[in-house]
Amino acid sequence: MTNTNLNTQSVLSMKGEGYYSQKTLGAKNAIDKTQSIIESALKVIPKTDILKMADYGSADGGTSQEMWFNIIEKIKNSGDERQIEILYTDLASNDFSVLFRMMQGMQGNLDFAYQKKFSNIFVHGCGTGFHEQLMANNSLSLGFSATAMHYVSERPCLINDHVHMVGSNEEEKQKFKNQALKDWETILLNRSRELISGGRFICINFGIDEDGRYLGNTGGHNMFNNFTKHWKNLEKDGFITNEEFVNATFTQHYRTLDEFRKPFDDQNSEVTKSGLILKSCKTMFTDCPFKIHYNNNKSTMSSRDYAASLIPTMRSWSETVFKTALEKRNPDEITRIVDQFYNSYMEEISNSPEGHAMDYIHIVMDIQKV
Ligand SMILES: C[S@@+](CC[C@H](N)C(=O)[O-])C[C@H]1O[C@@H](n2cnc3c(N)ncnc32)[C@H](O)[C@@H]1O
């Protein structure tokens, strides 16, 4: 029997032990580009006794560490001596131990271990999902979230002929869209409760831009179609069953700009009534850093080297979906099949690297509680 909602936490988790942030340079680059929006917001957010900030869906904290370091350094240099509390949130299954070690300078890049470098910084972790309220009412000055809120709270259905809603049929797509809209409203209402008046929630989320582009689909090959093709080949060759093929359904929805705007555009929505306004909403393209590196180093890098650099970045966030689809098998078998899956994708890139990349498309939103 196929299972729609099974084991959501393990389906969503990033690979642990710091693997996520080591392999996702593009996600870091996208975060770094939002520093200026956060800086500007902090200048006008009303001053509270304690400055409380949050990073929702932070994973191991590595991708946003430099950005937070820079922000905190600027706050300190401006003469603002308030105590700062920063709350990192993710699912209970997240590897928070890596995060705490990194901020304390016990692991990773010590240059950005801000908890060690500055005084009066208090780092906290919260393992409750961001669809819930996570902080006391009216306590948060600035919330931030990167590349996390495309995860829907539950899979509304399994997708029969694809692995992701971007390639699903209209009926399946509508179910994902409805779930994502409900989730977006819940997320916003809970942020609204947490924020102080004048506080800001700045988020960059995966979505679909004005030209229909999205992660891994920016003009060349479509990464999600390739996932589907290689996963289907395993079924055709008898390595996995049709049930296992279908079980690999990403618990994600890529919202369009209109979908993100909807609760704000409706003057009678609960979100608008709660006091949230959308100050700005725009799309952001971030080049795949592995593609750039390969293009700049073709004289010394083979197409195989390129494939071997690109696949791990895709694997860091997608692997758990394929592993979980095989969960009735023993661990060795699961590892063998999933390795075979990524190796066949790697082989395709090695043979013909042109057009393979994982460029990022984000929808950047600056939201204020008035
Ligand atoms: C792709 S990673 C992004 C990590 C980091 N923010 C970045 O931009 O590099 C998505 C993160 O969102 C987390 N996540 C997914 N659903 C969540 C939820 N409901 N509540 C909190 N975190 C969630 C995942 O566990 C994962 O760590």
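A crossing of two helices is called left-handed if the near helix is turned anticlockwise from the far one by less than a right angle, and right-handed if the near helix is turned clockwise. Helix H4 passes helix H5 in a right-handed crossing, and this report looks at that pair and at two others. The structure is a predicted model, in which local features need pLDDT of at least 70 and side-chain atom pairs count only at pLDDT 80 or more, while totals for chains, interfaces and linings use all residues. Residues are numbered from 1 along each chain as its sequence is written.

**Overall form**

The protein has 15 helices and eight strands, where helices (H or I, at least four residues) and strands (E, at least two) are DSSP runs numbered from the N terminus. Its radius of gyration is 21 Å, close to the 21 Å that the globule rule gives for 370 residues, so the protein is as compact as a globular protein of that length. This radius is taken over C-alpha atoms, and the globule rule is 2.2 Å times the number of residues to the power 0.38. Along its principal axes, the C-alpha trace spans about 65 × 50 × 40 Å.

The axes in the table are lines fitted to C-alpha atoms, for helices over the stretch in contact, and the angles run from 0 to 180 degrees between N-to-C directions.

| Helix pair | Axes | Angle |
|---|---|---|
| H4 (residues 35-44) and H5 (residues 62-77) | within 10 Å | roughly 30 degrees |
| H3 (residues 25-32) and H5 | within 8 Å | roughly 25 degrees |
| H9 (residues 223-236) and H15 (residues 331-351) | 9 Å apart | about 130 degrees |

Angles under 35 degrees count as roughly parallel, over 145 as roughly antiparallel, 65 to 115 as roughly perpendicular and the rest as oblique. The angle between H9 and H15 therefore makes H9 oblique to H15, and H9 passes H15 in a right-handed crossing. In this pair, Asn226, His230, Trp231, Asn233 and Leu234 of H9 meet Ile337, Gln340, Phe341, Ser344 and Tyr345 of H15, two residues being in contact if their C-beta atoms, placed from the backbone, lie within 7 Å.

The crossing of H3 with H5 is right-handed, and the contact is made by Ala27, Lys28, Ile31 and Asp32 of H3 together with Thr63, Ser64, Glu66 and Met67 of H5. For H4 and H5, the contact is made by Gln35, Ile38, Glu39 and Leu42 of H4 and by Met67, Asn70, Ile71, Lys74 and Ile75 of H5.

**Around the ligand**

Of the 22 residues around the ligand, Gly57, Ala59, Thr63, Gly129 and Ala146 come nearest; a residue counts as near if its C-beta atom, placed from the backbone, lies within 6 Å. The shell divides into eleven nonpolar, ten polar and one charged residue, with Ala, Val, Leu, Ile, Met, Phe, Trp, Tyr, Cys and Pro counted as nonpolar, Asp, Glu, Lys and Arg as charged, and the others, Gly among them, as polar.
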